Amino acid sequence: MIAGKKVLIVGGGIGGMATAIRMAELNANVMLIDLDPDWRVYGAGITITGPTLRAYKRLGLLDAIKEQGATADGSTIFKYDGTRLGNLDEPALEEGLPATGGIMRPVLHRIMQARIRELNIPVQLGLSVKALTNRDDAVDVTFTDGTEAQFDVVVGADSVFSGVRQIAFPHMAEAVATGQACWRLSIRRPPNMPQGEFYLGHRYAAGINPCGSDMVYLWMLTPHIERETHFTDQELFVMLKDNLADFGGNAGWIRDNMTQDDWINYRPLAAVLQPAPWFVGNIVLLGDAVHATTPHLASGAGMAVESALVLAEELDQADSVAEGLQAYQDRRFDRCRHVVDTSVTVGRMQLEGGSADEIGKLIGAGLHRLAENY
Ligand SMILES: Cc1cc2nc3c(=O)[nH]c(=O)nc-3n(C[C@H](O)[C@H](O)[C@H](O)COP(=O)(O)OP(=O)(O)OC[C@H]3O[C@@H](n4cnc5c(N)ncnc54)[C@H](O)[C@@H]3O)c2cc1C
């Protein structure tokens with residue numbers, strides 16, 4: 001059913017690009033817009049779990065990710081002082097699929113953007129939507145530049161502060177702050193680091209993930225520090241070094257070798273699973289716009305790519321847009337709720353000083369559930 005349909009995708013991030021790619025492959029007439037005139041993404045690394053790798057395989061981009069990112073058959077768990085505790089129980093999903101991986105976000109975006117160009121999908125940048133009106137099985141769209149057009153389907157993939165959600169989904173609300181913040185540092189790969197590492201037993205959970213042959217990113221979760229103004233790069237540098245004071249192993253190596261030229265970011269965390277319905281008429285939401293999560297299962301991007309595949313598939317198989325959107329929501333709701341609920345619970349346990357063992361079990365159970373097919 002999707003072939004020949006006019007589809008507007010608002011937001012050219014991970015979920016929007018994945019939707020555009022799969023729908024164009026099914027011969028939909030796709031247009032992609034993004035508010036950012038330069039279509040950039042910030043310089044962090046991103047963890048690509050087994051389920052996310054499986055979704056990228058289905059999108060046809062696994063080889064590029066393997067080539068330009070880093071993949072491995074597992075991760076190692078350390079006590080925060082660098083004592084090795086064992087391996088993380090990461091389920092093998094399919095023959096030939098690595099257990100886990102990582103990539104720099106700008107590299108992942110370039111891979112996805114290249115596929116968008118290969119498929120000749122029209123992309124308009126510096127543009128968003130101002131008004132959306134459902135009419136006769138189609139949507140009248142007014143763009144922020146004042147132009148107007150009609151589409152069969154509009155997909156809001158414009159992330160946690162979604163403009164599409166604000167315009168067309170009055171029953172939804174903003175994401176809720178969880179009280180934690182995530183620190184990320186992109187840095188050259190420590191000399192002795194074959195695979196990803198998790199550090200437990202400290203009041204701040206931390207980890208390091210390879211993102212290519214020569215780059216890794218370090219992440220750390222701490223209570224959020226409320227402040228009126230943003231921290232300067234210099235402040236972030238000093239604070240993160242200090243947070244790492246007790247750490248050994250490669251986390252300690254990074255503390256001792258980080259410089260102010262390394263990319264560093266501090267971000268307070270927020271999450272929400274929006275209530276159904278996730279579509280109103282022929283307007284539908286996808287990705288963080290409808291299930292913004294915290295990084296505790298490192299699965300937000302994976303959920304966005306899976307949702308893109310499911311949305312395209314259900315619209316293609318359905319006899320009407322309404323039927324396809326309902327089937328998309330039915331397949332995605334519980335899985336995305338599981339990711340948001342588990343992630344928020346892990347964060348709360350970390351803030352309350354919960355035992356590393358209990359937290360590890362919850363994360364392990366969460367990843368096992370995500371290993372199931374969708
Ligand atoms: C600290 C942190 C760490 C994370 N780490 C991981 C991880 O390791 N692994 C993982 O899988 N997930 C991770 N995530 C989650 C992941 O980043 C998101 O779930 C994923 O990027 C969501 O994709 P998306 O397409 O919904 O949004 P995005 O990728 O954010 O893309 C949204 C796009 O919409 C555009 N846009 C925004 N507003 C508008 C508008 N009004 N009109 C038009 N365009 C607009 C933006 O410019 C952007 O290009 C992390 C999240 C956080 C906060």
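**Notes on the ligand shell, helix packing and sheets**

1. Starting with the ligand: 31 residues surround it, and the closest are Gly11, Gly13, Gly15, Gly287 and Gly300. A residue counts as near a molecule or strand here if its C-beta atom, placed from the backbone, lies within 6 Å of it. Keep in mind that this is a predicted model, where local features need pLDDT of at least 70, side-chain atom pairs count only at pLDDT 80 or more, and totals for chains, interfaces and linings use all residues. Numbering runs from 1 along each chain as its sequence is written.

2. Which elements give two or more residues to that shell? They are α1 (14-25), β2 (29-34), β3 (45-49), α8 (288-291) and α9 (300-317). The labels follow DSSP runs numbered from the N terminus, with helices being H or I of at least four residues and strands being E of at least two. α9 provides the largest share of the shell, four residues. Split by class, the shell holds 12 nonpolar, 14 polar and five charged residues.

3. Axes are lines fitted to C-alpha atoms, for helices over the stretch in contact, and angles run from 0 to 180 degrees between N-to-C directions. The crossing of α9 past α10 is right-handed, that is, the near helix is turned clockwise from the far one by less than a right angle, with anticlockwise giving left-handed.

4. Who touches whom between α9 and α10? On the α9 side there are Met303, Ser307, Val310, Leu311, Glu314 and Leu315, and they meet Val321, Gly324, Ala327, Tyr328, Arg331, Arg332, Cys336 and Val339 in α10. Contact between two residues means C-beta atoms, placed from the backbone, within 7 Å. This contact has nine nonpolar, two polar and three charged residues.

5. α9 has a contact with helix α2 (residues 50-58) as well: the two pack at an angle of about 35 degrees, with axes 9 Å apart. α2 passes α9 in a left-handed crossing. Pro51, Thr52, Ala55, Tyr56 and Arg58 from α2 meet Ala301, Gly302, Val305, Glu306 and Leu309 from α9. By class, that makes six nonpolar, two polar and two charged residues.

6. On to α10 and helix α11 (residues 356-371), which pack at about 170 degrees with their axes 10 Å apart. α10 and α11 are therefore roughly antiparallel to each other. In α10, His338, Thr342, Thr345, Val346, Met349 and Gln350 meet Glu358, Ile359, Leu362, Ile363, Gly366 and Arg369 of α11.

7. β3, one of the shell elements, sits in an open sheet of three strands ordered β3-β7-β4, with antiparallel pairing. β3 and β4 (70-72) are at the edges with a single partner strand each, so one side of each has no neighbour in the sheet. Neighbouring strands here are turned by 20 degrees against each other on average, direction ignored. Strands pair if DSSP finds at least two bridges between them; β3 and strand β7 (residues 100-104) have five, in the antiparallel sense. Ile46 has Ile103 in β7 as its bridge partner.

8. A second open sheet of three strands runs β9-β10-β11, again with antiparallel pairing. β9 (129-135) and β11 (148-151) are its edge strands, each pairing on one side only. The twist averages 20 degrees from one strand to the next. Six bridges link β9 and strand β10 (residues 138-143) in the antiparallel sense, and Asn134 stands opposite Val139 in β10.

9. Finally, the partners of strand β16 (residues 215-223). Strand β13 (residues 176-188) runs antiparallel to β16 and is joined to it by nine bridges, with Leu185 opposite Leu218. Strand β15 (residues 205-210) is also antiparallel to β16, through six bridges, and Ala206 faces Met220 across that pair. β15 and β16 are joined as a hairpin through four residues.

Key
Ala, Val, Leu, Ile, Met, Phe, Trp, Tyr, Cys and Pro count as nonpolar, Asp, Glu, Lys and Arg as charged, and the others, Gly among them, as polar. Angles under 35 degrees count as roughly parallel, over 145 as roughly antiparallel, 65 to 115 as roughly perpendicular and the rest as oblique.
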